[in-house]
Amino acid sequence: MRNKFLSTGQSGYHPFRKLKVCLSGLRYAVLYDFSVAYKVMLSVLGLAVCFYFRQWVDFISVFAATGLMLICEMFNTTIEALCDFVETRQNEKIRVIKDIAAAATGISILIWAVVMV
């Protein structure tokens, strides 16, 4: 897609290309980040149980909590990777940035766990 601010990239809007990139990122997160993979598997199991018993409110709650948790996990992984790329040595500021990202992820995991139980 063309970046209108930088005048780079290809012109035109291609929704299937965007969907392909999105699914590629999700696949990468599930395959290479164990914390994402096992939570996705537990969520799919919980969604299947809710779907089987036709508990639609529970299904929507688990689906929304899983989405929130996955978003936070992937942002946390991205922030940690960027911080490691920018600064390879120990740095107090980088540690604080990573701790804040981990705290946000921890809160989302707590919400996800409460909904799953």
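Predicted model: local features only at pLDDT ≥ 70, side-chain atom pairs only at ≥ 80, totals over all residues.

Modeller: Residues are numbered from 1 along each chain as its sequence is written, and side-chain values use heavy atoms, with hydrogens and water left out.

Colleague: Why is Gly 25 called partly exposed?

Modeller: Buried means under 20% relative accessible area, exposed over 50%, and partly exposed in between (1.4 Å probe, protein chains only). Gly 25 has a relative accessible area of 35%, so Gly 25 is partly exposed.

Colleague: Why does Phe 63 count as exposed?

Modeller: The relative accessibility of Phe 63 is 53%, and therefore Phe 63 counts as exposed.

Colleague: What makes the pair of Tyr 52 and Phe 53 edge-to-face?

Modeller: Rings of Phe, Tyr and Trp (its six-membered ring) pair if their centres lie within 6.5 Å; planes under 30 degrees apart count as stacked, over 60 as edge-to-face and the rest as tilted. A search of the whole structure finds seven aromatic pairs. For Tyr 52 and Phe 53, the values are 5.0 Å centre to centre and 80° between the planes, an edge-to-face pair.

Colleague: Why is the pair of Phe 59 and Phe 63 called stacked?

Modeller: The ring centres of Phe 59 and Phe 63 are 6.5 Å apart and their planes are at 5°, so the pair is stacked. Phe 59 and Phe 63 also belong to one aromatic cluster with Phe 51 and Trp 56.
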